[in-house]
Amino acid sequence: MNKKELTNIYKKYNLTEDDIYNDRRGFTIITLSGIQAIQIKNKISVEYEVIVCSMDNVVLKGISFIQDPEGEWIKQMETFGSANIKNCNQNFKTEIAEKRCLSRLIIRTIGFTNTLGDAELKHQP
């Protein structure tokens with residue numbers, strides 16, 4: 001994401017400095033608060049389905065929906081979020097999988113490119 005794209009997103013969604021983080025490795029991270037602000041502004045509804053849930057491995061499928069002018073909810077995207085003993089150093093793996101899934105869904109539903117949610121990097125070993 002270049003500086004102009006980031007500025008446009010920042011203004012369009014009324015994000016604050018706490019909602020965006022520029023990683024030293026060269027990519028932009030939208031924090032959970034930023035993801036949620038974008039979700040609310042765009043009235044995106046999210047549903048989750050548990051694919052796997054154990055102490056060592058959680059996989060959730062998420063589906064995003066946007067309401068059309070007639071009030072019907074239209075499916076937009078599907079993606080997955082996971083947390084397991086290899087990619088998550090926290091004991092609350094279900095919550096981490098949910099955050100990862102939500103971040104991916106919102107980013108893809110809005111059509112952002114070269115952007116990550118903070119859940120993609122946090123809590124990794």
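Me: Which residue's backbone oxygen does the side chain of Thr31 reach at 2.9 Å?

Reply: This is a predicted model, in which local features need pLDDT of at least 70 and side-chain atom pairs pLDDT 80 or more, while totals for chains, interfaces and linings use all residues. Residues are numbered from 1 along each chain as its sequence is written, and side-chain values use heavy atoms, without hydrogens and water. Thr31 sits in the loop between β2 (28-30) and α2 (32-41) (DSSP runs numbered from the N terminus: helices H or I, at least four residues; strands E, at least two). At 2.9 Å, its side chain reaches the backbone oxygen of Asp18.

Me: Is Thr31 buried or exposed?

Reply: Buried means under 20% relative accessible area, exposed over 50%, and partly exposed in between (1.4 Å probe, protein chains only). The relative accessibility of Thr31 is 15%, so this residue counts as buried.

Me: Which strands hold Lys61 and Glu49?

Reply: These two side chains form a salt bridge, with their closest N and O atoms 3.6 Å apart (a Lys or Arg side-chain nitrogen within 4 Å of an Asp or Glu carboxyl oxygen). The pair ties together parts that are 12 residues apart in sequence, because Lys61 lies in β4 (residues 57-67) and Glu49 in β3. The strands are therefore β4 and β3.

Definitions and conventions
A polar contact is a pair of N or O atoms within 3.5 Å; within protein, one must be able to donate a hydrogen and the other to accept it, and residues adjacent in sequence count only if both atoms are side-chain atoms.
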